[in-house]
Each structure stands twice: as structure tokens, then as C-alpha cells.
Amino acid sequence: MSEGGGALGALEASGLGQAMRQWMWLYPAVETVHIVGIGLLFGSIAILDLRLLGFSRSIPVKRLAGHILPWTAASFLLIVPSGLMMFTAHATDFISSPVFVTKICLILTGGLNAALFHAVVFPRAEAWDSAEMRAEMRDETRKLPPLSARLAGAASLLIWIAVIACGRLLAYF
């Protein structure tokens, strides 16, 4: 623990911050919950992103999203509390780490990418993803989702892979 004052020092000195550092199995247990949440988040996002990139075209995007997105949302019930708990243990170290700052910026970027996709591209998915539309298209490239959907999917995959990499790198830098 860094000797920090202010809010971050108080967070580290809190009962939770101390417990996270001192109880032998607490930090690893919380980290395991966090990793399970990350697996659920990335797995669900990756399935939808791969569909946006043109894989599994027989499954309509709207139907897949309706099945997948509740799992994505549920993953945050694991990730957010566990991430905050781990942060309390080493708040001053994390906040001064360029890797942690990069990770947080990437998470915000991933959220912005998802928000833009859901606000701008996804509402029109029924038009470009209907069975009739897919059947009418003879040109293979036209069977793909629109470029905006493919770009959102590709960006999402890259962003979330980078978030995972930053999370792992925190242990080393």
C-alpha cells in the first residue's frame, strides 16, 4: 500500500481495504469473481460482435442480441462490485498506474462504442437483417451487416481484448 493521504488513502485504510489486503483468501476470491464476470461479459459481447462482423448470418442480429444482452448486463453485477473491492486494496497504486488509467479509458471507450451502436445502428437492424432482405441479396458482400455495424463490432472486440490485457498487465507494471 502506498502512503497516500486524501480520499484514496482513506479508502485503502477502510475496513474493506484492510481486509482485502490482510485476509489471505479474500482478494483471490474477489479476483476470481471478477474474472468470471469478465468471461461472461467478453463472451457475450464477442458472440454479438462476431455476428456483426458477418459470422452466423443465419441468426438474426435482433434475436441474438435479445438473448445475449441480458447476460452482458448481468456480468456487470459481478464485475463492478468486485473491481471496486480490488481497487480499495491498492487505490493509490492503481490510480498512479498508466496501465490502470488506460484500462479505465478503454472501458469508457467500449461503453461509448456500445452506446453509439445501440442508439444509431441497432435500431435499424430489422431492416438490414430480416430474412427476406438476406434472401433477396445475391451478392455475398451485401449479405453482411452494414459497414457501421461491422466497424462497431470490430472496435468492440479490439477494445475489450485491450481491457483484458490491461487488467493482466496491472500485476506486472
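Where does Ser97 lie? Ser97 sits in the loop between helix H5 (91-95) and helix H6 (98-121). The close-ups below come from a predicted model, in which local features need pLDDT of at least 70, side-chain atom pairs count only at pLDDT 80 or more, and totals for chains, interfaces and linings use all residues. Residues are numbered from 1 along each chain as its sequence is written, and side-chain values use heavy atoms, with hydrogens and water left out.

**View 1. Ser97 in the loop between H5 and H6.** Helices here are DSSP runs (H or I, at least four residues), numbered from the N terminus. With a relative accessibility of 8%, Ser97 counts as buried (buried is under 20% relative accessible area, exposed over 50%, partly exposed in between, using a 1.4 Å probe and protein chains only). Leaving aside neighbours within four places in sequence, Ser97 is in contact (heavy atoms within 4.5 Å) with Leu170 and Phe173.

**View 2. Phe94 and the largest nonpolar core.** A nonpolar core is a set of buried Ala, Val, Leu, Ile, Met, Phe, Trp, Tyr and Cys residues joined through side-chain atoms within 4.5 Å. The largest one has 19 residues, and Met20, Tyr27 and Phe94 have the most contacts inside it. H3, H4, H5, H6 and helix H9 (147-169) each give two or more residues to this core. Setting aside neighbours within four places in sequence, Phe94 touches Tyr27, Met86, Phe87, Phe100 and Leu170. Another core, of 13 residues, lies apart from it and includes Leu52, Val61, Leu64 and Ala125.

**View 3. Helix H3 packed with helix H4.** Here H3 (residues 26-52) and H4 (residues 61-89) pack at an angle of about 155°, with their axes 7 Å apart. This angle makes H3 roughly antiparallel to H4, because angles over 145 degrees count as roughly antiparallel. By class, their contact has 23 nonpolar, 7 polar and 2 charged residues.

**View 4. Ser56 in the loop between H3 and H4.** Look at the backbone here: Ser56 has a positive phi of about 50°, although it is not a glycine. At 47% relative accessibility, Ser56 counts as partly exposed.

**View 5. Leu8 in helix H1.** Helix H1 covers residues 6-13 and holds Leu8, which is partly exposed, with a relative accessible area of 25%. Apart from neighbours within four places in sequence, Leu8 is in contact with Phe87, Ala91, Thr92 and Ile95. The C-alpha atoms of Leu8 and Asp93 are separated by 9.5 Å, although these residues are 85 residues apart along the chain.

Methods. Axes fitted to C-alpha atoms, helices over the stretch in contact; angles between N-to-C directions. Parallel < 35°, antiparallel > 145°, perpendicular 65-115°, else oblique. Nonpolar A, V, L, I, M, F, W, Y, C, P; charged D, E, K, R; others polar.
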